[in-house]
Amino acid sequence: RAMFGGSLKEGHQNIINIQKISASTMSLLLDYMYGGNIVIQEDNVEGILELSDLLQISKLRDACISFLEGQLHPCNCLGIMKFADSFSIVSLTEKSKRFMLECFVEVSCHEEFLEMGVKELVEYLSDEQLVVPKEEVVFEAVMRWVRHDVPARKGALKDLLEHVRLPLLNPTYFLEKVEMDRLIQDSKECIPLLHEARKYYILGN
């Protein structure tokens, strides 16, 4: 209505090309518009949400959001969060982030976690709502992320370790896994963090 009822050039064209929308998605939408039925699935939800957002079909858009909320899993919550961000779906973004923070242990073992940007990772590590059974889990997640692309990521090691509560690590674990780690030993920037942790251990604080 906005396109054809105003002064836009589309109102004078015989053929309108709707960009970035697949024929299969458009077919599903037409069935929905005329028949009221549509089956939302993993392989079509993104396309349907994009088109329903474009055409402002709020009821269908909300159905897609509800479907995605039900699909949240440690292997996909970060991807769903980015997708929700791109469409400014605040409720889904917040729910995905909360899911990620509460299931950090499982999330950190999946590919999406390893593909995360450093600023994004720092944001989650510094969040007080991060749920972990022990600090060793956070350290191991950081090292797993860095080792996924050592040449590009080793420079971020110090910034990441600043958000790991090293004094809360088991002292034996600290000596064997942290101080003896080759990447950490090769990073002069990390030395002050190790000294600080040792001070806590010595003082028993």
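Guide: A helix here is a DSSP run of type H or I with at least four residues, and helices are numbered from the N terminus. The model is a predicted one.

Glu136 is a buried residue without a salt bridge. The nearest side chain of opposite charge belongs to Lys134, at 5.3 Å; a salt bridge requires the side-chain nitrogen to be within 4 Å of a carboxyl oxygen. Leaving aside residues up to four places away in sequence, Glu136 is in contact with Leu169, Asn170 and Tyr173.

Arg147, also in helix α10, presents another case. Side chains of opposite charge can pair when their charged atoms come close. Arg147 and Asp181 form a salt bridge, with 2.3 Å from N to O. This pair connects distant parts of the chain, since Asp181 is in the loop between α13 (171-178) and α14 (182-185), 34 residues from Arg147. Asp181 counts as buried because its relative accessibility is 9%, whereas Arg147, at 43%, counts as partly exposed.

Asp127 forms a salt bridge with Lys97, the closest N and O atoms being 3.8 Å apart. Lys97 is partly exposed, with a relative accessible area of 25%. Through salt bridges that share partners, Lys97, Glu123 and Asp127 are joined into one network.

Lys95 and Glu69 form a salt bridge in which the closest N and O atoms are 3.8 Å apart. Lys95 lies in helix α6 (residues 90-102) and Glu69 in helix α4, so this pair ties together parts that are 26 residues apart in sequence. Both partners are partly exposed: Lys95 has a relative accessible area of 33%, and Glu69 one of 23%.

For the model as a whole, the count comes to eight salt bridges. Among them are the pairs Asp181 with Arg147, Asp127 with Lys97 and Lys95 with Glu69; Glu136 has none.

Methods
Residues are numbered from 1 along each chain as its sequence is written. This is a predicted model: local features need pLDDT of at least 70, side-chain atom pairs count only at pLDDT 80 or more; totals for chains, interfaces and linings use all residues. Side-chain values use heavy atoms; hydrogens and water are left out. Buried means under 20% relative accessible area, exposed over 50%, partly exposed in between (1.4 Å probe, protein chains only). Lys and Arg count as positive and Asp and Glu as negative; His and the chain ends are not counted. Contact means heavy atoms within 4.5 Å. Helices (H or I, at least four residues) and strands (E, at least two) are DSSP runs, numbered from the N terminus.
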